[in-house]
Amino acid sequence: MKVAEEDPEAAAKKAAKKAAKAAEAAAKKAKLEAKKAKLAEMEAAKKAKEAAGGGDGGKKKKEKKGGVDEEDLAALKAAQAVPKGEYKDPAVVPMAKAYDPKNVEAAWYDWWEKEGYFKPTMGTSKPKFVIVIPPPNVTGALHIGHALTNSIQDTIVRWRRMSGYEALWVPGTDHAGIATQTVVEKKLQREEGITRHDLGREKFLERVFEWKEQYGGKIFNQLKRLGSSLDWSRERFTMDEMLSKAVKEAFVRMHADGLVYRDNRLVNWCCRLKTAISDIEVDYVDLDGSKEMSVPGQDGKVEFGSIWSFAYPIEGGGEIVVATTRPETMLGDTAVAVHPDDARYKDVQGKHVIHPFNGRKIPIICDAELVDMSFGTGAVKITPAHDPNDFQTGKRHNLEFINMLTEEGMINDEGGDRFKGMKRFTARPAVIAALDELGLYRGKADNPMRLGLCSRSKDVIEPMLKPQWWVACDKMAAEACDAARSKELEILPNFMEPTWFRWLENIRDWCISRQLWWGHRIPAYYVKFEGEAEEECGMPGGSSEKLDRWVIGREEDEARAEAEKKFPGKAFTLEQDEDVLDTWFSSGLFPFSVFGWPDETPDLAEFYPTALLETGHDILFFWVARMVMMGMKLTGKVPFKQVYLHAMVRDAHGRKMSKSLGNVIDPLHVIEGISLKDLNETLTGGNLDEKEVKKAQQGQAQDYPEGIPECGTDAMRFALVAYTAQGRDINLDVLRVVGYRHWCNKLWNAIRFAIMNLGDDYKPPEEPLTVNTPGLPPASKWALHRLNSAVKTTVDAMEVYDFSNATTGVYAFWQYDVCDVFIELMKPVMNGADEAAKKATRDTLWTCLDGGLRLLHPFMPFVTEELWQRLPRRAAETAPSIMVADYPAFTDARVDAAVEESMAVAQEIVKATRSLRAAYNLQPKAKAELFVVTRGDVATVAAKQFAEGIATLAGCARVDVIGPDDEVPPGCGVTVINESVSVYLMLKGVVDPAAEIAKLEKKSSQTMKSIAALQKQMEMPGYEEKVPENVRADNAEKLSKLGAEVASTAAAMEDFKKLI
């Protein structure tokens, strides 16, 4: 019979749309069926073996203990019994029936490390690929951000190593000055009731090193759990001898070049930590107006976001009203500024006000740069020692700089007897009250503001006048900008470039002094002349310090020689600066200090500059910019060719990770699994109060009601890398990791199936298969073509760090091409009698599995090694491990566009047939005959070429390919795919049309009742006015869906009626 044709243009559009989604849709429909078929086949094979051996094959029946299969338990015990560093021999460790991360991950890392696979070979002609780890704090434990960073880095390194590079990934830890000293000081206070001052500097540092030796290796062990292929023979610590030498050298050279200098300037002072911090270590909170906030170390809450006004009495009579957001700082006021053009204050310019608490005469100055006549009263109080703007004003007018705070944030002697010894924020209301007593207080108002907080302690930052060491950054920053513009340095993703330029073009000098003991002590020495009175020599670090008394030297002898040149003929003593350098100073040298700079070492010559710096965009300026500036200055080279900045991890709801929310994810909990109860317990014993703990536990119960299941390292790595689209945030859903855990089991079953079908005596082809290899069936050619396409997709994506597309490419190959299609297509071949076809199919299967495992290895190192070791090897294969095997490469010899086109047609036919089966409610066991009507050579060739495969994938008894003029037997369901292909599924004798119609009529009746009830509700008086908008929207959507359901049911009934 002839079949009516659709409009050609409409049919073509429909065909294109369907073709684009064919593979994915077919895979989803077939997944469950394929899985059941695999399991059934494996169970049948098992029973056949047992039957052949007499019931149980002479073996004890495999029972389950506590839900664990005995075979799997035996495999796990054997894997865990492998001696540390020894090869996990598949001949000794049996293959478990199901994927188990504990089994798979056992032994491999220690073997890789022992065999030296993480180390590059010096002096080869191979291209180099070198990266350094962003050194985690030695105090740290692995969090999900570390897991993301190291998963990405290890994926890149393993890929480059397999791609023919001498790959080197240098590990290290940062001494983390503030964090580490704080941890040890708290430990001393808690356990011994002493402070660092009780011990003294040397004894305290001994305690810190003891603590570092005891706890500092924790994060390295965790990195190994992640499979990080770091060269541990080059492990570095920023305080070790080699890196300390580099720090001293950098400081001395930069000082000699005028880049490091000493100056008495305002710093960001943290009273809680009693140290200065850099600008980028300050977090800001925006306040819309008055708000009371808790401040570490303060009694009760403190008011911010207000501006208080008070009057200064003018000498000789009158007053001038000023306003301030920090009333306590008026104790250090040394001027009142007005605009020179402000007529209101013409008569008082040049006069003085009298400080109400100490009687100090304070000048009224004119300053057009600082004062805005339209803001407030037009008069501004000036506190040069405690405000950045006032500091500059004080410099312009040569004002007195009065520091009214101690380093602990207490009011000092300048506050007078009434306020001396008060905490700064206790003094705030006390000063206001005192002003009110004198009749000088004029009230307060809301004042939107940004409040600076220490990123570590959360204390409110106090601008403090301190003599410190500074780095002049402007010239180095300009060079770093030039490097990015010339592409000598490439910033990826590209949208981060404007941020790079914006920050560097507006950079301020960097304060590198830190008032700590733990860290690199500054190699600067203060000169004190013999016989000199204390007030004459000044106190280093204090307000009386003489800036010209400093000399620099790598060691004291060098500094002494410098002092003798600077102060010839004078007897003196030297006193080394008590401060240490900012931790980021040593971190900024990391890409070259790890290779022995400033010495001309073989490592420095061979491995510097590095290829890539990969890190989170949150430390672009803390670390990356400083590495570029210092690297270019000290080595003359940009320290790395590319910077790749990955997104930041947030929870599944897009919220920032926070202990108080209970959404912080420990990667080991994802790898090993954890119950909700144990997850809740991780929140206790920390810094959260009882209310916060309860809230956080509620958050955990909501997100992880059953806890976190064991996912294993490979699944977690793959999920994290797959999430890494080039954006700013990753919303991590742990359930997605669980999905990849199940996918690992699919790979496991695929290899088990392969080993069973390859046979014990199978030998892989010595020459790589191509689409032109004689005797290859079309399905095999298609599989090779798909492997080749996956290789190109993955490699192209990896070259530009497009990890999302890279993981999609390798996943799609395994999931949709190998597991869902090729393995299914090969089953009838392997059950047939054509030995040549079997051999060709086995060779193709082995090629796909070997190539697919290599393709996947950088992302999932453990499961791919485990499975690859169980595959037969070519005689010519010399790689003992998959991690040092060759990565697959694209080749024209495996391109077959024609077979790709044919398979696309075949998959459209499969998809349409499955839709027909679903429409007519055919059960999986029902094997109907399929007639495929084709028009044109392409469709005809494709349908005939893959007829057997179509029957297998669509669950049909057989497939007949016929022309448009051929008769199709009556009793078929039909679908027109496009102008070239229509499919007819024989339903006569397979389904009972009358029974199916009766079911559909009942369903339609029930749906109509639901529609009537909903319509009645929506037609009630006042519905539009009384029912909330969101409820009305939901009801409208429900009505639309019910209407569509009625229409589809009616269409299905019409289809069945055609069969009667």
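Select K274 to begin. In this predicted model, K274 is partly exposed, with 28% relative accessible area. Look at the backbone here: phi of K274 is near 55 degrees, a positive value in a residue that is not glycine. Most residues other than glycine have a negative phi, and most peptide bonds are trans. K274 sits in the loop between strand 7 (260–270) and strand 8 (275–277).

Go to N921. Its phi is about 60 degrees, positive although N921 is not a glycine. Which loop holds N921? The one between helix 31 (897–919) and strand 32 (928–934). N921 is partly exposed, at 40% relative accessible area.

Neighbours within four places in sequence aside, E996 is in contact with N921 and F1056. E996 lies in helix 34 (residues 993–1018). Is E996 buried or exposed? E996 counts as buried, at 12% relative accessibility, because the cut-off for buried is under 20%.

**The annotated arm**

Select residues 994–1048. An unreviewed UniProt entry annotates this span as "domain: Valyl-tRNA synthetase tRNA-binding arm". The span is 89% helix and 0% strand.

G1043 is partly exposed, with a relative accessible area of 32%. Draw a distance from G1043 to E535. The two are 508 residues apart in sequence and 93 Å apart in space, C-alpha to C-alpha.

Move to A1047, in helix 36 (residues 1029–1057). A1047 is partly exposed, at 47% relative accessible area. Its C-alpha atom is 54 Å from that of D154, 893 residues away along the chain.

**Two cis peptide bonds**

Zoom in on L492 and P493. A cis peptide bond joins L492 and P493, with omega about -10 degrees. P493 lies in the loop between strand 21 (490–492) and helix 15 (497–505).

Next, Y608 and P609. The peptide bond from Y608 to P609 is also cis, and its omega is near 0 degrees. P609 lies in the loop between helix 20 (602–607) and strand 28 (610–616).

**Rings**

Show the Phe, Tyr and Trp side chains. How many aromatic pairs does the whole structure hold? A search finds 34. One of them is Y109 with F118, a tilted pair. The ring centres are 5.1 Å apart, with 50 degrees between the planes. Y109 counts as buried at 6% relative accessibility, and F118 counts as buried at 2%.

Compare the rings of Y811 and Y816. Their centres are 6.2 Å apart and their planes stand at 85 degrees, so this pair is edge-to-face. Y816 is buried, with 18% relative accessible area.

Two arginines are worth a stop. The charged end of R158 sits over the ring of W112, 4.6 Å from the ring centre. R626 lies over the face of W510, 4.0 Å from the ring centre.

**Helix 28**

Select residues 803–830, which make up helix 28. Where does helix 28 bend? At V818, by about 40 degrees. Helix 28 is mostly covered, with 22 of its 28 residues buried.

**Cysteines**

Show the cysteine sulfurs. A disulfide is a covalent bond between the sulfur atoms of two cysteines. The structure holds zero disulfides. C711 is in no disulfide: the nearest cysteine sulfur, that of C744, is 9.5 Å away. The cut-off for a disulfide is 2.5 Å. C711 counts as buried, at 0% relative accessibility. C366 is partly exposed, with a relative accessible area of 28%.

**Zoom out**

Finish with the whole chain. Its secondary structure comes to 36 helices and 35 strands. The C-alpha trace spans about 115 × 85 × 55 Å along its principal axes. Of the 1060 residues in the chain, 53% are buried. Among contacts with a separation of 6 or more, 77% are between residues 24 or more positions apart.

Technical notes. Residues are numbered from 1 along each chain as its sequence is written. This is a predicted model: local features need pLDDT of at least 70, side-chain atom pairs count only at pLDDT 80 or more; totals for chains, interfaces and linings use all residues. Side-chain values use heavy atoms; hydrogens and water are left out. Buried means under 20% relative accessible area, exposed over 50%, partly exposed in between (1.4 Å probe, protein chains only). UniProt positions are given in the numbering used here, feature names are shortened, and annotations may be inferred rather than shown by experiment. Helices (H or I, at least four residues) and strands (E, at least two) are DSSP runs, numbered from the N terminus. Rings of Phe, Tyr and Trp (its six-membered ring) pair if their centres lie within 6.5 Å; planes under 30 degrees apart count as stacked, over 60 as edge-to-face and the rest as tilted. A charge sits over a ring if NZ of Lys or CZ of Arg is within 6 Å of the ring centre and within 35 degrees of the ring normal. The bend at a residue is the angle between axes fitted to the seven residues ending there and the seven starting there. Contact means heavy atoms within 4.5 Å.
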